[in-house]
Amino acid sequence: MTMTKPSASSSALRVSRPASSLTGRIAVPGDKSISHRALMFAALARGETRIVGLLEGEDVLRTADAMRALGAKISREDDGRWHVHGCGLGALREPADVLDMGNSGTAARLLSGLLASHGIMSVMTGDASLRRRPMKRVMDPLAGTGATFLARDGGRLPLAIQGTAQPAPLSYRLPVASAQVKSAVLLAGLNAAGVTQVEEPVPTRDHTENMLRHFGAHVTVEETPEGGRLIRLEGQPRLVARDVTVPGDPSSAAFVLVAALLVPGSDVTITNVGLNLLRTGLFTTLREMGGRLDILDERTEGGEPVGDLHVRASSLQAVDVPADRAPSMIDEYPVLAVAAAHATGISRLRGLAELRVKESDRLASTVALLENNGVRTRIDGDDLIIHGTGGHIPGGGLVETHMDHRLAMSASVLGLVAEKPVDIDDTAFIDTSFPGYFALMNSLGAGFSA
Ligand SMILES: O=C(O)C1=C[C@@H](OP(=O)(O)O)[C@@H](O)[C@H](O)C1
Ligand SMILES: C=C(OP(=O)(O)O)C(=O)O
């Protein structure tokens, strides 16, 4: 089938059904969460860290720029390896200019913890999407270090931080399940004398804990009686340069995976995907829906579990996803919603309040994505209810992506299986997390014209 772009804008795209099934073996880019952390921790360590498989998406490149502005020496070799010469904990230099974190909540939140706990003055900003997102969730706990914050509009970027060279160690119970807030508090604890403690009511991704240990910090994790976790970090560790291998990002694999489940006849293997149990809620959910998804050659690489995902086209049934699964698949809901729209029956995805504060209000934008393409969808409290079409998504609508990469990729998957072409207003933000997305999908047979 033909695919044409709907407007003069180079990042708008019209997507139709592909001529054939999706087949082949591919690898997705490196994990975004692990990539941000690798650059930050390497910048705090003494010596040279080499990073293999770093995600070269816009979000992570912003973190690299910020760590350079704070004194680390960071370079990329022609073979794709990154080298970081750290400046040492407590030795970050005052940045000469505003730090622009682009579209990245992770970069802005994690960096706040470092900026608050060093005796430097800094100002952080971001793009229009990031400037709408809440920063009070990190400012409130971090104020306990003795740092001062001045932000716009009740806690939005731009944000000025006067950090302290002698931060007090924090003890904090997370009011929301957020790995970003947990990490901001732990990172502030690195330069504090004494033990920093964070309690999370529901476990969230633990890449900070794992990687801090890898760089030499002493971190302990205890299960709480309520099913949460208590994390303790001993302050002022000797962080030493350690090589890092970044696994493929399960949150990026999600788009390939759902496309392969839905496009008839597909058979795709995605190699070297990160399988940290706090990231794999989508895989569990798709299997519950009847998705044919096998994990092959499970192994450990760079301290994280990885494996190859083998996925074959499947006919999916509706699902009821419990709220406590949300942290393990928080970025995957828009594309899960596309799978639920294609499935048979009514799905309920529970406990999604956090989606309102992502790159877009993902509850509202996911409803619009489906409704504009003929799929009955509604919000009930913090739950998303999707009336599956039994494989007959009408399509024919325009999707507004609101500077949100995950919305753009979810819309592209919808277009591959809808009856009429789907128009996407702007696909440019896909580069924040998944550079090369269209080329990779086209190598499987997707036929995108981008
Ligand atoms: O810590 C991280 O690397 C991330 C945590 C999540 O955000 P929250 O912690 O705000 O839920 C997730 O949405 C984001 O893409 C990456
Ligand atoms: C929410 C996301 O990222 P961030 O918070 O880092 O902008 C995401 O990648 O879906």
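Predicted model: local features only at pLDDT ≥ 70, side-chain atom pairs only at ≥ 80, totals over all residues.
Helix 1, which covers residues 32-44, is built from 13 residues and reaches 19 Å from its first C-alpha to its last, close to the 18 Å expected at 1.5 Å a residue. Helix 1 is also mostly covered, since 13 of its 13 residues are buried. Helix 3, at residues 105-116, can be checked in a similar way: its twelve residues should span 16 Å at 1.5 Å a residue, and because its end C-alpha atoms are 17 Å apart, the two values agree. Twelve of the twelve residues of helix 3 are buried, among them Thr-106, Arg-109, Leu-110 and Ser-112. The cover over these buried residues includes helix 1, helix 2, strand 7 (121-125), helix 4 (136-142), strand 9 (156-162) and helix 5.

Glu-56 counts as partly exposed because it has 17 C-beta neighbours inside 10 Å, whereas a buried residue would need 20 or more. Leaving aside residues up to four places away in sequence, Glu-56 touches Leu-61 and Pro-435. Its C-alpha atom is separated by 22 Å from that of Thr-280, a residue 224 places away along the chain.

Strand 13, at residues 229-234, has pairing partners in strand 11 and strand 12. Strand 11 (residues 195-200) runs antiparallel to strand 13 and is joined to it by six bridges, with Leu-230 of strand 13 as the bridge partner of Glu-199. Strand 12 (residues 219-223) likewise pairs with strand 13 in the antiparallel sense, over five bridges, and here Thr-220 has Arg-232 as its bridge partner. Strand 12 and strand 13 form a hairpin with five residues between them, and in the turn Gly-227 has a positive phi of about 90 degrees.

Another sheet, an open one of three strands, has the order 1-23-22 with mixed pairing. Its edge strands, each pairing on one side only, are strand 1 (13-15) and strand 22 (398-399). Strand 1 pairs with strand 23 (residues 422-424) in the antiparallel sense over three bridges, and within this pairing Leu-13 stands opposite Ile-424.

In soluble globular proteins, nonpolar side chains tend to be buried together. The largest nonpolar core of this model has 73 residues, and those with the most contacts inside it are Val-256, Leu-257, Val-258, Ala-259 and Ala-339. Helix 7 (residues 250-262) supplies the largest share of this core, with ten residues. Apart from this core lies another, of 67 residues, which includes Ile-51, Tyr-172, Ala-192 and Leu-233. Within the set of contacts made by Leu-257, and not counting residues up to four places away in sequence, are those to Ile-270, Leu-293, Leu-309 and Val-311.

Finally, ligand 1 is surrounded by Ser-33, Thr-106, Ser-178, Ala-179, Gln-180, Ser-183, Arg-205, Ile-330, Asp-331 and Glu-354. By class, this shell has two nonpolar, five polar and three charged residues. Helix 5, at residues 179-190, gives the most to the shell, with three residues.

Key. Residues numbered from 1 in each chain as written. Chains lettered and ligands numbered in written order. Helix = DSSP H or I, 4+ residues; strand = E, 2+ residues; numbered from the N terminus. Expected span 1.5 Å × (residues − 1). Pairing = 2+ DSSP bridges. Core = buried A, V, L, I, M, F, W, Y, C linked by C-beta atoms within 7 Å. Contact = placed C-beta atoms within 7 Å. Near = placed C-beta within 6 Å. Nonpolar A, V, L, I, M, F, W, Y, C, P; charged D, E, K, R; others polar.
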